[in-house]
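Student: I am new to this structure. Please show me how to read a few of its features.

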Amino acid sequence: MIRHDPLAVRVAAIEPLSATLKRLTLESADGGALPIGSAGAHVSLILEGGDRPFRNAYSLVSMPGERGCYELIVRRTAGSRGGSAFIHERLGEGSVIGATVPHNLFPIQRHARKHLLIGGGIGITPLLSYLPALRQGGERLELHQISARDEVPLFENLLAPHAAHDVHVHAGRGALDLSALLARQPLGTHVYVCGPAALMDHVEAAAAALGWPASRVHRENFGAAGGDPFTLRLARSGREIAVGPDQSMLDALEAAGVPVPSLCRGGACGECLTKVTGGVPEHRDHYLTDLEKAEGALVMPCVSRAKNDLLVLDL
Amino acid sequence: MSIAFKTDEIFRDGFRYANSDAAILRFPFPFVEDSYMYSVNIEPHVRGGPTPAFDAVLDIDEHYIGECRERALVLAQDPNRCMVLPHMMAAQWDTLELIMESLAADYPDHFQLGKDGDRWTWRNRLLNIEDSFVFGAPETLPFEPFEYITRQMQGDFTLQDQRDGNLYMDGGMVTSQADWSLEFDLGMTFHEWHGPVPLAHDLGVFDRALQYLLRLQYGRPVRRLNWTMTVNPRLDTSPENYPLWGPDRTTVTPENVGDKLHLRVELQTLYRLPRSNAILFSVRAYLASMNELARVPKWGRRLHRVLRDIDPALEDYKGLGRYRRMAIEHLAQFDDGAPTGKGIAPEVDVLPA
């Protein structure tokens, strides 16, 4: 009933799509069925490379409902996080890595009259899983992909299986009039956008200016799990416990043999409420009032973290 | 786990219902301490708990056959007890898959699921059902997938669509409810369908619970216990049939209260469904009479104390008004004043004869 993260998955295939893009196919390391991935879902890969594990989230591009494998597309970025470089340089077919159970923060809205999909660059990935799901349900759809000029053939290729539908690739932002696109949609359309933050902000602003309800505008968001590592000090014993980037305070306390009563482990029930005597909590719960959060004297260790390197608890 | 299934139970006039010793010992007694107040008492639905009722993803017990038969009787009279809005078809298949896979894994002697691609074969040996169908093709089943599989389950189910930062009750199979109506609540938001609950709104319980559920993850189901009291072992205490069960409350006497009054506990489990992103809410109800529960010494003591000290607003909402005094006086004989252990476990392995 509970699927424990991470899943062990084996890299079954790596297919280069361009100089910076690779498609990965992952299978369960034990050969069994994988938890179901849906349109818009993502998994986080846990990659043991160097002094700390990388944890990068990628949208699934495999057929929704597929349980034999997960497919995802990874762009090599020159940015600070090393996960994509690790995948491009060091990951080989046959490697076994960790993956979280699919989680969907960008789901299809099932009561929409029409689905308008807008992708920017590699932001096409969740929309690639939308297309077969929407087509299977006989839904009305329209897709616009905005691409750098030199990548237009690449995205046309990825979208080729759906070319008979209302699917278009544009060379550059200037090639698509977003306001005009939104203005001509029928009532009841939902728009989904995934890509650079500036594109998603632009779509949201253009839709708002045309009077679209915010509930019909959807943007990809992997959510904020984990964060920077920090240290807990237990005031009564002086003991210090490290909280890792992907670990909750509650998990770290339990791993160190410090029992804290808990129930929901999701920031709702209040059971693990703990007093803070030093440092500033970063509150992520739904239990404390705004005033209590501002005071910073209480924290819910199941979900919340620390704003600085050290948090002192009355334990 | 060997279950002696009963085959002749009746959950309406002409009642025929009792719990075996094993069923009493596995009862999910809801009171963790000697008093009761609302809280967000949600926890991860991990395998195992204070009694064996928590061992399976979806629990079935000795009353399975009778409860499925009762459901069919209710649906024959009132087909609208099962309704699913059209945009929830993916959630219907999600539900069928979750239930079939869970039952086949947890009770392999009674349920088997065979798959050949999209061609599935389902065997339910307890109800003598065997059907082959194409997963994803509703026309290959005798009912729509949600109704088909929940007809083969104990307990009620609702389907919640998630949109606009809220949950909408957009489907359900509700034949054994504690006085609420699916036909009335269908399409409502989380706060709307909880509207009648006293006290908890002001405590902020529903604001927190909604935020928690919106973040419910696939593969990480959660559970909670809820309770009320029912006169007679009647499953269908619906608003639609109030004329049939409302008068039951006038039939309780000091002489019969111990056998007639039942604690009705709901083991509620919530699952994020993978294809639809909807939430399946399972309300699995367990019934045991005061006298059955009092055979567990700890539970007899605790039930007496909880009913004696309950908040007046809850007394009214739980429908205890007419018979609470009689129940307390009857239960007093089981309460010697001794302290009770924390938690709900019965703390005995066998019951006194």
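Student: What share of the residues of chain A count as buried?

Tutor: Buried means under 20% relative accessible area, exposed over 50%, and partly exposed in between, with a 1.4 Å probe and protein chains only. Of the 315 residues of chain A, 50% count as buried. The model is predicted: local features need pLDDT of at least 70, side-chain atom pairs count only at pLDDT 80 or more, and totals for chains, interfaces and linings use all residues. Residues are numbered from 1 along each chain as its sequence is written, chains are lettered from A and ligands numbered from 1 in the order in which they are written, and side-chain values use heavy atoms, leaving out hydrogens and water.

Student: How many helices and strands are there in chain A?

Tutor: Helices (H or I, at least four residues) and strands (E, at least two) are DSSP runs, numbered from the N terminus. Chain A has seven helices and 19 strands.

Student: How do I read one helix?

Tutor: An α-helix has 3.6 residues a turn, so residues three or four places apart point the same way. Now take helix 5 of chain A, residues 197–209. Its buried residues are Leu199(A), Met200(A), Val203(A), Ala206(A) and Ala207(A).

Student: Why are they on the same side of helix 5 of chain A?

Tutor: Because they cover an arc of only 130° around the axis. That arc is taken from the directions from the helix axis to the C-beta atoms. The face turned away from the buried side of helix 5 of chain A carries exposed Ala198(A), Ala208(A) and Ala209(A).

Student: What covers the buried residues of helix 5 of chain A?

Tutor: Look for contacts, meaning heavy atoms within 4.5 Å. The cover includes strand 8, strand 9, helix 4, strand 11 and strand 12 of chain A. After helix 5 of chain A comes Gly211(A), with a positive phi near 85°.

Student: How do I read a pair of helices?

Tutor: Two packed helices are described by the angle between their axes and the distance between the axes. In chain B, the axes of helix 11 and helix 13 come within 9 Å and cross at roughly 150°. Axes are lines fitted to C-alpha atoms, for helices over the stretch in contact, with angles from 0 to 180 degrees between N-to-C directions.

Student: Which residues meet there?

Tutor: From helix 11 of chain B come Leu303(B), His304(B), Leu307(B) and Arg308(B). They meet Arg324(B), Ala327(B), Ile328(B) and Leu331(B) of helix 13 of chain B.

Key: Expected span 1.5 Å × (residues − 1).
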